[in-house]
Amino acid sequence: MDSSSFKLAFTAAAVLAIAACGGGSGGGDAPGAAVPPVTVAPTEPGVTTPPVDPVTPTTPVVDAEDKSFDLYYNVCRGTDSKCYNDWGAFATTPDRVLIYSRTAGPRHANLGTPMGTGMNPTMNPDNVMQAGLVRMLAEAGITADWTEDVAILGARVNNYKAIIFASSNRDTLWNDAVPTSNDAARTALRNYMRRGGGFVGLHNAFGAEYNWPYYEGLLGNANFYNHGPNRAGDVEIVAQDPSTDGVPARFTFQDEWYNLTPFPTNVKFLAKVDTSTLLPLTAAPHPGHAGFHPVAWCQYYDGGRAWLSTLGHNTHSFTANSTGPGADAFQKLVVQGVKSAMGLTPFCTD
(Lines give C-alpha, C1' and ligand atoms only; values in the text may rest on other atoms or scores of the structure.)
Protein backbone atom coordinates (compact mmCIF):
# COMPACT_ATOMS: atom_id res chain seq x y z
CA MET A 1 0.00 0.00 0.00
CA ASP A 2 1.47 3.35 -1.03
CA SER A 3 1.48 6.37 1.28
CA SER A 4 -1.55 8.11 -0.33
CA SER A 5 -3.74 5.02 0.00
CA PHE A 6 -2.67 4.65 3.61
CA LYS A 7 -3.66 8.27 4.42
CA LEU A 8 -7.10 7.84 2.82
CA ALA A 9 -7.81 4.66 4.78
CA PHE A 10 -6.67 6.27 8.02
CA THR A 11 -8.91 9.31 7.48
CA ALA A 12 -11.98 7.18 6.78
CA ALA A 13 -11.38 5.16 9.92
CA ALA A 14 -11.11 8.32 11.98
CA VAL A 15 -14.41 9.65 10.67
CA LEU A 16 -16.16 6.40 11.51
CA ALA A 17 -14.69 6.45 14.98
CA ILE A 18 -15.98 10.00 15.66
CA ALA A 19 -19.47 9.11 14.43
CA ALA A 20 -19.55 6.09 16.68
CA CYS A 21 -18.68 8.24 19.73
CA GLY A 22 -21.60 10.57 19.26
CA GLY A 23 -20.04 13.37 17.23
CA GLY A 24 -17.66 14.91 19.74
CA SER A 25 -17.82 16.54 23.15
CA GLY A 26 -21.03 18.10 24.49
CA GLY A 27 -23.36 15.41 23.11
CA GLY A 28 -26.09 14.16 25.35
CA ASP A 29 -26.55 10.78 23.65
CA ALA A 30 -25.35 7.57 25.16
CA PRO A 31 -22.05 6.23 23.83
CA GLY A 32 -22.56 4.40 20.61
CA ALA A 33 -25.99 5.96 19.90
CA ALA A 34 -26.77 6.49 16.25
CA VAL A 35 -26.91 10.05 14.91
CA PRO A 36 -30.32 10.73 13.31
CA PRO A 37 -30.04 11.75 9.69
CA VAL A 38 -30.84 15.32 8.71
CA THR A 39 -33.59 15.42 6.11
CA VAL A 40 -33.66 18.39 3.74
CA ALA A 41 -36.93 18.96 1.91
CA PRO A 42 -36.40 19.02 -1.83
CA THR A 43 -37.10 22.25 -3.61
CA GLU A 44 -39.41 22.04 -6.57
CA PRO A 45 -37.94 23.15 -9.85
CA GLY A 46 -38.51 26.86 -10.53
CA VAL A 47 -39.59 27.61 -6.95
CA THR A 48 -37.40 29.92 -4.93
CA THR A 49 -37.54 30.21 -1.17
CA PRO A 50 -38.51 33.77 -0.16
CA PRO A 51 -36.03 35.53 2.07
CA VAL A 52 -36.94 35.77 5.77
CA ASP A 53 -37.35 39.35 6.91
CA PRO A 54 -35.35 40.22 9.99
CA VAL A 55 -37.43 40.73 13.14
CA THR A 56 -37.58 44.42 14.00
CA PRO A 57 -37.96 45.05 17.75
CA THR A 58 -41.09 47.05 18.57
CA THR A 59 -40.99 50.18 20.67
CA PRO A 60 -42.57 49.49 24.07
CA VAL A 61 -45.87 51.30 24.72
CA VAL A 62 -45.36 54.13 27.18
CA ASP A 63 -48.33 55.02 29.37
CA ALA A 64 -49.42 58.64 29.32
CA GLU A 65 -47.93 60.65 32.14
CA ASP A 66 -50.21 60.68 35.15
CA LYS A 67 -50.50 64.27 36.32
CA SER A 68 -53.20 63.62 38.91
CA PHE A 69 -50.79 63.42 41.82
CA ASP A 70 -49.64 66.87 42.88
CA LEU A 71 -46.14 66.56 44.29
CA TYR A 72 -46.23 70.03 45.82
CA TYR A 73 -49.38 69.49 47.89
CA ASN A 74 -48.72 65.73 48.18
CA VAL A 75 -52.28 64.84 47.16
CA CYS A 76 -54.21 63.44 44.23
CA ARG A 77 -56.14 66.36 42.76
CA GLY A 78 -57.67 67.55 39.51
CA THR A 79 -60.63 66.65 37.32
CA ASP A 80 -60.09 62.87 37.21
CA SER A 81 -62.56 61.04 39.44
CA LYS A 82 -59.84 58.56 40.41
CA CYS A 83 -58.82 61.25 42.93
CA TYR A 84 -62.13 60.66 44.73
CA ASN A 85 -62.27 58.09 47.54
CA ASP A 86 -65.61 56.46 46.89
CA TRP A 87 -65.68 54.54 50.15
CA GLY A 88 -69.36 55.06 50.94
CA ALA A 89 -68.50 56.94 54.12
CA PHE A 90 -71.47 59.29 53.67
CA ALA A 91 -73.94 56.79 52.22
CA THR A 92 -76.24 57.06 55.24
CA THR A 93 -75.53 60.70 56.09
CA PRO A 94 -78.60 62.96 55.82
CA ASP A 95 -78.66 65.70 53.18
CA ARG A 96 -77.16 68.19 55.60
CA VAL A 97 -74.35 70.75 55.31
CA LEU A 98 -72.45 72.90 57.79
CA ILE A 99 -71.93 76.62 57.16
CA TYR A 100 -68.70 77.83 58.77
CA SER A 101 -68.21 81.60 58.94
CA ARG A 102 -65.61 82.13 61.65
CA THR A 103 -63.29 85.04 60.87
CA ALA A 104 -59.83 85.46 62.34
CA GLY A 105 -59.19 88.71 60.51
CA PRO A 106 -61.16 91.33 58.55
CA ARG A 107 -64.87 90.51 58.52
CA HIS A 108 -67.10 91.12 55.52
CA ALA A 109 -70.14 93.27 56.16
CA ASN A 110 -72.57 90.66 54.87
CA LEU A 111 -71.38 88.25 57.60
CA GLY A 112 -72.62 90.71 60.19
CA THR A 113 -71.92 90.64 63.91
CA PRO A 114 -69.94 87.61 65.14
CA MET A 115 -72.21 84.89 66.50
CA GLY A 116 -71.90 83.04 69.79
CA THR A 117 -70.24 79.69 70.34
CA GLY A 118 -71.73 76.27 69.80
CA MET A 119 -73.91 74.82 67.08
CA ASN A 120 -76.65 76.95 65.48
CA PRO A 121 -76.23 79.99 67.73
CA THR A 122 -78.85 82.74 67.51
CA MET A 123 -78.34 84.67 64.30
CA ASN A 124 -78.12 88.44 64.41
CA PRO A 125 -80.23 90.47 61.97
CA ASP A 126 -77.07 91.39 60.04
CA ASN A 127 -75.85 87.79 59.50
CA VAL A 128 -77.13 88.05 55.94
CA MET A 129 -74.77 85.68 54.14
CA GLN A 130 -75.32 82.85 56.62
CA ALA A 131 -79.10 83.31 56.74
CA GLY A 132 -79.24 83.56 52.96
CA LEU A 133 -77.38 80.27 52.53
CA VAL A 134 -79.69 78.53 55.03
CA ARG A 135 -82.74 79.79 53.13
CA MET A 136 -81.39 78.98 49.66
CA LEU A 137 -80.45 75.43 50.64
CA ALA A 138 -83.72 74.80 52.48
CA GLU A 139 -85.58 75.68 49.29
CA ALA A 140 -83.51 72.93 47.59
CA GLY A 141 -84.40 70.38 50.30
CA ILE A 142 -81.05 70.60 52.09
CA THR A 143 -80.77 71.17 55.84
CA ALA A 144 -78.02 73.57 56.93
CA ASP A 145 -76.45 73.98 60.33
CA TRP A 146 -74.13 76.89 61.09
CA THR A 147 -71.34 77.74 63.47
CA GLU A 148 -68.42 80.07 64.07
CA ASP A 149 -66.94 77.78 66.69
CA VAL A 150 -63.71 76.11 65.54
CA ALA A 151 -64.10 73.36 68.15
CA ILE A 152 -67.51 72.44 66.70
CA LEU A 153 -66.05 72.16 63.22
CA GLY A 154 -63.22 69.93 64.41
CA ALA A 155 -65.53 67.61 66.33
CA ARG A 156 -68.53 67.29 64.00
CA VAL A 157 -67.31 67.77 60.44
CA ASN A 158 -67.95 64.13 59.52
CA ASN A 159 -71.69 64.55 60.14
CA TYR A 160 -72.15 66.52 56.92
CA LYS A 161 -72.07 65.83 53.21
CA ALA A 162 -70.50 69.22 52.60
CA ILE A 163 -68.83 72.02 54.54
CA ILE A 164 -69.30 75.60 53.31
CA PHE A 165 -66.62 78.12 54.19
CA ALA A 166 -68.58 81.38 53.95
CA SER A 167 -65.91 84.12 53.76
CA SER A 168 -64.19 82.44 56.68
CA ASN A 169 -60.77 84.05 56.61
CA ARG A 170 -57.21 84.10 57.96
CA ASP A 171 -56.27 81.35 60.47
CA THR A 172 -59.87 80.28 60.79
CA LEU A 173 -58.97 76.69 61.73
CA TRP A 174 -56.46 77.54 64.44
CA ASN A 175 -57.71 77.27 68.01
CA ASP A 176 -55.79 79.49 70.41
CA ALA A 177 -58.22 78.73 73.24
CA VAL A 178 -56.85 75.25 73.96
CA PRO A 179 -53.44 74.40 75.44
CA THR A 180 -52.79 71.50 73.05
CA SER A 181 -53.97 70.32 69.62
CA ASN A 182 -54.43 73.87 68.36
CA ASP A 183 -54.62 72.46 64.84
CA ALA A 184 -57.30 69.83 65.55
CA ALA A 185 -59.72 71.44 63.09
CA ARG A 186 -57.10 71.35 60.35
CA THR A 187 -56.55 67.66 60.94
CA ALA A 188 -60.30 67.04 61.00
CA LEU A 189 -60.82 68.87 57.69
CA ARG A 190 -58.00 66.98 56.01
CA ASN A 191 -59.30 63.61 57.17
CA TYR A 192 -62.83 64.64 56.17
CA MET A 193 -61.67 65.27 52.60
CA ARG A 194 -59.80 61.97 52.54
CA ARG A 195 -62.94 60.01 53.41
CA GLY A 196 -64.83 61.59 50.49
CA GLY A 197 -66.24 64.81 51.96
CA GLY A 198 -67.41 67.89 50.09
CA PHE A 199 -65.95 71.38 50.44
CA VAL A 200 -67.43 74.65 49.17
CA GLY A 201 -65.38 77.84 49.45
CA LEU A 202 -67.09 81.20 48.87
CA HIS A 203 -65.54 84.64 48.49
CA ASN A 204 -63.14 85.37 51.35
CA ALA A 205 -62.60 81.69 52.00
CA PHE A 206 -59.78 82.53 49.58
CA GLY A 207 -58.29 84.74 52.27
CA ALA A 208 -57.98 81.89 54.79
CA GLU A 209 -55.16 79.68 56.05
CA TYR A 210 -52.37 81.41 54.10
CA ASN A 211 -49.75 79.48 56.04
CA TRP A 212 -51.20 76.03 55.43
CA PRO A 213 -50.28 74.73 51.94
CA TYR A 214 -52.86 71.93 52.08
CA TYR A 215 -55.65 74.52 52.19
CA GLU A 216 -54.22 76.44 49.25
CA GLY A 217 -54.31 73.23 47.24
CA LEU A 218 -57.88 72.65 48.37
CA LEU A 219 -58.77 75.97 46.73
CA GLY A 220 -57.29 74.71 43.47
CA ASN A 221 -53.74 75.98 43.90
CA ALA A 222 -55.14 79.47 44.40
CA ASN A 223 -55.13 82.28 46.93
CA PHE A 224 -56.55 85.77 47.27
CA TYR A 225 -54.08 88.51 46.34
CA ASN A 226 -56.12 91.70 46.03
CA HIS A 227 -59.19 93.14 44.33
CA GLY A 228 -60.31 96.22 42.49
CA PRO A 229 -63.30 98.41 43.28
CA ASN A 230 -66.62 96.74 44.05
CA ARG A 231 -68.27 97.16 40.65
CA ALA A 232 -70.52 95.58 38.06
CA GLY A 233 -69.32 93.16 35.40
CA ASP A 234 -70.68 90.37 33.24
CA VAL A 235 -70.24 86.76 34.38
CA GLU A 236 -69.94 84.18 31.60
CA ILE A 237 -70.51 80.45 32.07
CA VAL A 238 -67.60 78.70 30.36
CA ALA A 239 -68.39 75.00 30.90
CA GLN A 240 -71.32 72.63 30.89
CA ASP A 241 -71.67 71.10 34.34
CA PRO A 242 -74.45 70.08 36.76
CA SER A 243 -73.56 73.14 38.85
CA THR A 244 -74.02 75.49 35.89
CA ASP A 245 -77.13 73.79 34.48
CA GLY A 246 -79.86 76.36 33.86
CA VAL A 247 -77.72 79.31 34.92
CA PRO A 248 -77.84 82.08 32.31
CA ALA A 249 -74.88 81.86 29.97
CA ARG A 250 -74.17 85.52 30.68
CA PHE A 251 -75.48 87.75 33.47
CA THR A 252 -74.51 91.05 35.03
CA PHE A 253 -73.26 90.79 38.60
CA GLN A 254 -71.57 93.00 41.15
CA ASP A 255 -68.54 91.98 43.18
CA GLU A 256 -64.90 92.69 44.04
CA TRP A 257 -63.54 90.31 41.36
CA TYR A 258 -60.65 88.79 43.29
CA ASN A 259 -57.21 88.62 41.72
CA LEU A 260 -55.47 85.34 42.56
CA THR A 261 -51.88 84.38 43.25
CA PRO A 262 -51.16 81.58 42.66
CA PHE A 263 -53.59 81.16 39.77
CA PRO A 264 -55.76 78.01 39.84
CA THR A 265 -54.39 75.01 37.96
CA ASN A 266 -55.60 71.51 37.06
CA VAL A 267 -59.23 72.45 37.74
CA LYS A 268 -62.40 72.64 35.68
CA PHE A 269 -63.21 76.30 35.16
CA LEU A 270 -66.95 76.95 35.33
CA ALA A 271 -67.38 80.72 35.09
CA LYS A 272 -65.34 83.85 34.45
CA VAL A 273 -65.90 87.58 34.39
CA ASP A 274 -65.73 89.36 31.06
CA THR A 275 -63.03 91.83 32.01
CA SER A 276 -63.96 94.15 29.16
CA THR A 277 -67.09 95.00 31.15
CA LEU A 278 -65.15 96.03 34.28
CA LEU A 279 -64.58 99.77 34.55
CA PRO A 280 -61.91 100.29 35.59
CA LEU A 281 -60.26 96.90 34.99
CA THR A 282 -57.10 97.31 37.02
CA ALA A 283 -56.27 98.14 40.58
CA ALA A 284 -52.73 98.70 41.77
CA PRO A 285 -50.52 96.87 42.36
CA HIS A 286 -51.95 93.86 40.50
CA PRO A 287 -53.08 94.38 36.90
CA GLY A 288 -55.95 91.89 37.07
CA HIS A 289 -56.40 88.74 34.97
CA ALA A 290 -57.36 90.51 31.79
CA GLY A 291 -57.03 87.51 29.47
CA PHE A 292 -58.97 85.00 31.56
CA HIS A 293 -60.40 85.93 34.96
CA PRO A 294 -62.12 82.89 36.54
CA VAL A 295 -64.74 83.25 39.27
CA ALA A 296 -65.84 79.60 39.78
CA TRP A 297 -64.25 76.16 39.32
CA CYS A 298 -64.20 72.63 40.73
CA GLN A 299 -61.75 69.81 41.38
CA TYR A 300 -61.31 66.51 43.20
CA TYR A 301 -58.92 66.91 46.09
CA ASP A 302 -57.23 64.30 48.28
CA GLY A 303 -60.21 61.96 48.10
CA GLY A 304 -62.96 64.59 48.32
CA ARG A 305 -64.80 67.12 46.18
CA ALA A 306 -64.15 70.88 46.17
CA TRP A 307 -66.37 73.50 44.52
CA LEU A 308 -65.05 77.06 44.64
CA SER A 309 -66.21 80.59 43.81
CA THR A 310 -64.59 83.94 44.55
CA LEU A 311 -68.00 85.64 44.30
CA GLY A 312 -70.20 86.64 47.23
CA HIS A 313 -69.11 90.03 48.58
CA ASN A 314 -72.39 91.94 48.59
CA THR A 315 -75.36 91.65 50.92
CA HIS A 316 -77.90 91.83 48.11
CA SER A 317 -76.35 88.70 46.51
CA PHE A 318 -77.79 86.56 49.34
CA THR A 319 -81.20 88.09 50.02
CA ALA A 320 -84.53 86.68 48.85
CA ASN A 321 -86.22 88.34 45.89
CA SER A 322 -83.15 90.51 45.54
CA THR A 323 -83.10 93.40 43.11
CA GLY A 324 -79.30 93.26 43.08
CA PRO A 325 -77.76 92.51 39.67
CA GLY A 326 -77.52 88.80 38.94
CA ALA A 327 -78.50 87.68 42.45
CA ASP A 328 -80.90 84.98 41.26
CA ALA A 329 -78.36 83.53 38.83
CA PHE A 330 -75.63 83.58 41.49
CA GLN A 331 -77.82 81.87 44.08
CA LYS A 332 -78.75 79.14 41.61
CA LEU A 333 -75.07 78.61 40.79
CA VAL A 334 -74.11 78.32 44.47
CA VAL A 335 -76.94 75.92 45.40
CA GLN A 336 -76.14 73.65 42.47
CA GLY A 337 -72.44 73.81 43.35
CA VAL A 338 -73.24 72.73 46.91
CA LYS A 339 -75.41 69.86 45.65
CA SER A 340 -72.63 68.59 43.40
CA ALA A 341 -70.06 68.79 46.22
CA MET A 342 -72.48 66.78 48.39
CA GLY A 343 -72.71 64.10 45.70
CA LEU A 344 -76.44 64.70 45.09
CA THR A 345 -75.65 65.41 41.43
CA PRO A 346 -72.68 64.38 39.29
CA PHE A 347 -69.58 66.33 40.21
CA CYS A 348 -67.15 68.25 38.02
CA THR A 349 -68.10 66.28 34.90
CA ASP A 350 -65.96 65.94 31.79
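**Exercises on helices, cores and a cavity**

Helix α2 is followed by Gly 141, which has a positive phi, near 80 degrees. The model is a predicted one, and the exercises below are to be worked on it.

**Exercise 1. Describe helix α2 and state what covers its buried residues.**

Solution. Begin with the extent of the helix: α2 spans residues 128–139, twelve residues in total. From its first C-alpha to its last it reaches 16 Å, close to the 16 Å expected at 1.5 Å a residue. Next, identify the residues of α2 with under 20% relative accessible area. These buried residues are Val 128, Met 129, Gln 130, Gly 132, Leu 133, Met 136 and Leu 137. Finally, look for their cover, which includes the strands β3 (96–100), β4 (143–147), β5 (162–166) and β6 (198–202), together with helix α6.

**Exercise 2. Determine how far helix α6 is enclosed, and what follows the helix.**

Solution. Helix α6 has 16 residues and reaches 23 Å from first to last C-alpha, close to the 22 Å expected at 1.5 Å a residue. Of these 16 residues, 13 are buried, so α6 is largely enclosed by the rest of the structure. Just after α6 comes Gly 343, with a positive phi of about 90 degrees.

**Exercise 3. Locate the largest nonpolar core and trace the contacts of Ile 164.**

Solution. The largest nonpolar core contains 48 residues, and Val 97, Leu 133, Ile 164 and Trp 307 have the most contacts inside it. Helix α6 (residues 327–342) contributes the largest share of this core, eight residues. Now take Ile 164, leaving aside residues up to four places away in sequence: this residue touches Val 97, Leu 98, Ile 99, Tyr 100, Leu 133, Leu 137, Val 200, Leu 202 and Val 338. In soluble globular proteins, nonpolar side chains tend to be buried together.

**Exercise 4. Characterise the protein as a whole, then its largest cavity.**

Solution. The protein has six helices and 13 strands. Buried residues make up 48% of its 350 residues. Among contacts with a separation of 6 or more, 75% join residues 24 or more positions apart. The protein exposes about 17,400 Å², of which carbon and sulfur atoms supply 56%. The largest cavity holds about 50 Å³ of space. Its lining is formed by Gly 228, Arg 231, Trp 257, Asn 259, Leu 278, Leu 281, Thr 282, Ala 283, Gly 288 and His 293.

Note on methods:
Residues are numbered from 1 along each chain as its sequence is written. This is a predicted model: local features need pLDDT of at least 70, side-chain atom pairs count only at pLDDT 80 or more; totals for chains, interfaces and linings use all residues. Side-chain values use heavy atoms; hydrogens and water are left out. A nonpolar core is a set of buried Ala, Val, Leu, Ile, Met, Phe, Trp, Tyr and Cys residues joined through side-chain atoms within 4.5 Å. Buried means under 20% relative accessible area, exposed over 50%, partly exposed in between (1.4 Å probe, protein chains only). Helices (H or I, at least four residues) and strands (E, at least two) are DSSP runs, numbered from the N terminus. Contact means heavy atoms within 4.5 Å. Accessible areas come from the Shrake-Rupley method with a 1.4 Å probe; for residues, only the protein chains shown count as cover. The expected span of a helix is 1.5 Å times one less than its number of residues. On a 1 Å grid over the protein atoms alone, a cavity is a set of points where a 1.4 Å probe fits but cannot get out, and a pocket is an open set with protein on both sides within 12 Å along at least five of seven lines; lining residues have an atom within 4 Å of a point. Grid points are joined across faces, edges and corners, and a volume is the space filled by probe spheres set on the points.
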